[in-house]
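Me: I would like to go through the pockets, cavities and helix packing of this model. Could we take them one at a time?

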Amino acid sequence: MARFSSIDGGILDGVSATTLWTLRNRAGEAKRSDGVIRDPWAITLFDAIDYDYPKFGRPDQVHALRARAFDAATRDYLTSHPKASVVALAEGLQTSYWRLGGHGGLTGSTWYSIDLSPVMELRARLLPAEDHIVGLAQSALDLSWMDRVDATHGVFITAEGLLMYLQPEEALGLIRECAQRFPGGAMMFDSIPRWFSNRTLRGLNLSERYVAPPMPFALSADEGVALAGGVAGVKVAHDVRLPAGRGWFRFASWPPLDRGVMRRIRPSVTLLEFG
């Protein structure tokens, strides 16, 4: 791993700064002997960026487990579509490309990394340049990125930690545009339940020094599945459960609990197949 002089993470603000929150949680898990993820590059980035990480409050496993769920679905799609393009919307400081094997594990595939300029500048400074990665410094809502994507052999789109920060019409509009533009492709995103969205709209303090950005878009697991047939171009929708973690996270993943109120109030991950 390369060594870096310390870089000020304060160049990120607003929603962009939440990538440091998820980075802290992934790196923390990766450093544990019993951690739920192996992510060497997350550790490197975490150690290289000087930031007030404790303001994000107590670490937990959820972002690492979420990353593993996205990795598994991406790997499955690339197994059946080995030359497909992967589009990582609002990728932040995710390191999925390297967890999936990097250049050696993604031969024939192109990875499109999309985020705002300050985030892309950090990625360029801290992560290795790869021939298979195309970096695009723009908002996911600037749909001109679609013109850059080679969809000849399939497209797998990830929106990890993105849609909840959008207005409902923006989030659903992005899903609809992706479905119509990339038939035969797939899209994966995570969602928060309405009770949690409402808390963020009132002001959710992760600590005495940090208030989470508002998250206006909420979707339950069943509402995610209902996008099939409800959004033009979405053929099939799957509710994807997170891998089992430690302690409470292992208990919460027990399938018999996923019904009624528990199912409605939990976060969800949805995988869409486009017709």
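**Pockets, cavity and helix contacts**

Me: What volume does the second largest pocket have?
Reply: This is a predicted model, and in it the second largest pocket has a volume of about 180 Å³.

Me: Which residues line that second largest pocket?
Reply: The lining consists of W98, S113, M120, R123, A124, L127, P128, A129, E130, I133 and G135. Two elements, α6 (117-126) and β5 (133-137), each give two or more residues to this lining.

Me: Which element gives the most to it?
Reply: That is α6, with 3 residues in the lining of the second largest pocket.

Me: And what is the make-up of that lining by class?
Reply: The lining of the second largest pocket has 7 nonpolar residues, along with 2 polar and 2 charged ones.

Me: Which residues surround it, and which elements give two or more of them?
Reply: The largest cavity is lined by F70, T74, A88, L89, A90, E91, Q94, S96, W111, T158 and E160. The elements giving two or more residues to this lining are α3 (62-80) and β3 (85-89).

Me: How many nonpolar, polar and charged residues are in the cavity lining?
Reply: By class, the lining of the largest cavity has 5 nonpolar, 4 polar and 2 charged residues.

Me: Now the helices. At what angle do α1 and α2 cross?
Reply: The axes of α1 (residues 18-31) and α2 (residues 40-48) cross at roughly 120° and come within 8 Å. Because of that angle, α1 counts as oblique to α2.

Me: Left-handed or right-handed?
Reply: The crossing in which α1 passes α2 is left-handed.

Me: Which residues meet there?
Reply: On the α1 side they are L23, R24, R26, A27, A30 and K31, and they meet A42, I43, L45, F46 and D47 of α2. By class, this contact of α1 with α2 has 7 nonpolar and 4 charged residues, with no polar ones.

Me: What about α1 and α3: what is the angle, and how far apart are the axes?
Reply: Helices α1 and α3 pack at an angle of about 85°, and their axes are 7 Å apart. The angle therefore makes α1 roughly perpendicular to α3.

Me: Which residues make that contact?
Reply: From α1, W21, T22, N25, R26 and E29 take part, and from α3, H63, A64, R66 and A67. The contact of α1 with α3 has 3 nonpolar, 3 polar and 3 charged residues by class.

Methods
Residues numbered from 1 in each chain as written. Predicted model: local features only at pLDDT ≥ 70, side-chain atom pairs only at ≥ 80, totals over all residues. Heavy atoms only, no water. 1 Å grid on protein atoms, 1.4 Å probe; cavity = no way out; pocket = protein on both sides within 12 Å on 5 of 7 lines; lining within 4 Å. Helix = DSSP H or I, 4+ residues; strand = E, 2+ residues; numbered from the N terminus. Nonpolar A, V, L, I, M, F, W, Y, C, P; charged D, E, K, R; others polar. Axes fitted to C-alpha atoms, helices over the stretch in contact; angles between N-to-C directions. Parallel < 35°, antiparallel > 145°, perpendicular 65-115°, else oblique. Left-handed = near helix turned anticlockwise from the far one by under 90°. Contact = heavy atoms within 4.5 Å. Points joined across faces, edges and corners; volume = space filled by probe spheres on them.
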